[in-house]
Amino acid sequence: MMIETVPFFHIIASTIEREIGQVHVREVIATTLVAYALSSVLTGLTFLLLGYLRLGVIIGFFPRHILVGCIGGVGVFLVLTGLTVSTRLPSDALDPPTWETIQYLTRNAHTLGQWVLPLVLAILMRVITCRWKHQLIFPTYFLVIPVVFYVIVIAAGFDLDSLRRDGWLFDSAGTTGAGGWYAFYTYFDLGLIKWMPIWNTLPTQFALLFFNVLHPPLNVPALSVSLNQDIDTNKELVGHGLSNLISGLLGSVPNYLVYVNTLMFYRVGGGSRVAGFMLALATLLILMIGTAPVAYIPVVVVGALIFALGIDLVKEALWDTRYRVSWTEYVTIVSIMVTMTVWDFVIGVLFGIIVSCIFFVVQNSRRRSIRACYSGNAAMSTVRRPAAHRAYIHEVSKQTRIIQLQGFLFFGTIVHVEEKLRSIVEDPNWRTDPVRFIIVDLTLVPGVDMSSAEAFVRVQRLLSAKGVLLVFCGADSESGVGKALANSRILEEKGVEIFESLNDALEWTENEYLATWFRLQRTESIPVALHGRRREARFHDTPIAGSPRERYLRDAANRTIAGEICSSGITPEPLNTLLKAFQSDDEIDHDVLVRLSNYFTRLSLPPGHVLWDIGDTPDGLCVIESGVLRASYRFGLHTRVIGESMVSGSLAGELSGLSGLPRNARVAVEREAVVWWLGGEALRRLEREDAELAWTFVRMVLKAAQVDADVLLAALAS
């Protein structure tokens, strides 16, 4: 039995004695012994289960500072026990201490000497061990004290019976009795056991179980590091389980590995099986001799030992942790010690868990759940678009706000998120800088509690009144986050969308901007094919005429895309498609495009047709006239697939087609497409017939490819 568990056994014994009554001594003893044995059986079964399920590492995740607080509480208990043992007071004399008891301990010279002397010896021992670190100092010190005690007794001629009456020696404990040491089992009288008091001790039993279970998963790894040996925690748990189960069935108390004692045993050469066998024989010898020698042990030795252990545990809890833990953890440690001392050990453990939970919520609520917040023009989707479309999107995406969240969203962190979302639409500059879309990126959010989901519902009502669409991304309907949002019914609201990735959300908003502009022009159909995953917005699809958002869209379009739409269809193909693809080049010559168009071949491609796959040998490049192509990149087995859509007026396969390197993506037709193909043979013919034109074409392609590569790299980095 470890000394740290003594307070729990004291509570169990006191509870049983109080319920049965002090006059029924044999019933109290029988019931108490059965309760002690039950605690061993519970501990053994728990250890066996944890080891069998291989949960040793998980138990180690329990907050260490709660255990430290419990250890500190045990230390205070030992200091108080040292006072009662040294002064021969009843065990409950300081539970709680009364004014009369304090006066007795401080004003009575005889009593003062009884507890001050062992306290001084304990402090002296710690001063010595701070200076010298040898493992034998501790046992030698406590072997020297009784020798010095009896030297003084013999020299002064003191009578042992007088010393025993005055409290300097323990009362005679007798011998093992006529029946031997096994007479202990005569107290297990089934007819005298009271089961209701045992039932009432279960809260303390479970608190003791909790305390016991925490030690091996923490002590075994620490011992492994100190001894530089690999130790299987789960195997040790099984060993602890068998040991405690056998102990309980034999009527004894729980046991577990103690780091300090085991480390000392190993360091003095006790790491072999022979040393363990010798220790077992020595213990058996003491068992056979019995308790008679206890009557000759000076009380000052036991008192000094209890004081030393209590001071060590209090020091470990309060002094050693002062720079190692946060102030909240330190407050938790102190509060556990105070609660365990003033009220009860079980209450102290429960109080520590509650305080830790409160501090955990407070600390995590201060963490930044908003990783980033920026305007939509700082990020674009991986869709390849004509330069005019990209310029337009870059302008109007200022009406998009992207908020990237991180960490678990709960009632403590969602407050800051809600405030941020409200501040966007309640900004004083709303009329000059309106917002159309708010994208909430949940990629780095592992979970959302009910309070957070309801907060999004409240924000959505405000956004709906302002005509702002709320777009969630980074979560699918089957994920925990997606289910939490679905349970709050926010996904059923108008003006709410959800996508699996930020790229998909950006792509959808970009398509909405383009589609809105085309509808504002009263065109019968959208001039370009938009990405296949586009779906109709369910709220304010077209801005209200004359609204700030509508004026902003028109102004941005007039500066970027309007000219392209006016000229669309006037120029014959493939010249019109080449103009779209290379219109970002300010130095482009119309005559150059006319000469280049002679080398392109028109191809009509059905949906699902694969142009090339990863690793294929390149045989040319193409410019898309209509339809949608879809490229899928996979840069490693451990990376996610990056999708890239290519619409009318964009290039496909340009870099591998010019360099001759293997294809780095799989490109398939997503929507029926018409492309203008420049094959490998046509490219070589261009180089032979007009080298200057070929060089100009390569330069134009590289300029266009640079923009596409930058967008793709930005998507990879996000």
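Leaving aside neighbours within four places in sequence, which residues is E418 in contact with? In this predicted model, the partners are A455, R458 and V459. E418 itself is placed in helix α18, which spans residues 414–425. The relative accessibility of E418 is 12%. E418 therefore counts as buried, since the cut-off is under 20%.

The structure holds 13 aromatic pairs. Among them is the pair of F410 and F411, with ring centres 5.2 Å apart. The planes of F410 and F411 stand at 85°, an edge-to-face arrangement. Burial was assigned to each of these two residues. F410 counts as buried because its relative accessibility is 10%. F411 is partly exposed, with a relative accessible area of 48%.

F437 and Y513 form another edge-to-face pair. Here the centre-to-centre distance is 5.3 Å, and the angle between the planes is 85°. This pair links distant parts of the chain. F437 belongs to strand β3 (residues 437–444), whereas Y513 belongs to helix α21 (residues 502–520). The separation between F437 and Y513 is 76 residues. F437 has a relative accessible area of 0% and is therefore buried. Y513 is likewise at 0% relative accessibility, so Y513 counts as buried. Both residues are members of one aromatic cluster, formed by F437, F499, W508 and Y513.

Arginine side chains were also found over aromatic rings. The charged end of R164 sits over the ring of Y296, at 5.8 Å from the ring centre. R322 lies over the face of W319. For R322, the distance to the ring centre is 3.7 Å.

Helix packing was considered last. Two packed helices are described by the angle between their axes and the distance between the axes. For helix α4 (residues 64–87) and helix α15 (residues 327–342), the axes come within 8 Å. They cross at roughly 40°. The crossing of α4 and α15 is right-handed. On the α4 side, the residues that meet α15 are H65, I66, V68, G69, C70, G72, G73, V76 and L80. Their counterparts in α15 are E329, T332, I333, I336, M337, M340 and T341.

Terms used
Residues numbered from 1 in each chain as written. Predicted model: local features only at pLDDT ≥ 70, side-chain atom pairs only at ≥ 80, totals over all residues. Heavy atoms only, no water. Phe/Tyr/Trp six-rings, centres within 6.5 Å; stacked < 30°, edge-to-face > 60°. Buried < 20%, exposed > 50% of the residue type's maximum accessible area, 1.4 Å probe, protein only. Helix = DSSP H or I, 4+ residues; strand = E, 2+ residues; numbered from the N terminus. Lys NZ or Arg CZ within 6 Å of the ring centre and 35° of its normal. Axes fitted to C-alpha atoms, helices over the stretch in contact; angles between N-to-C directions. Left-handed = near helix turned anticlockwise from the far one by under 90°. Contact = heavy atoms within 4.5 Å.
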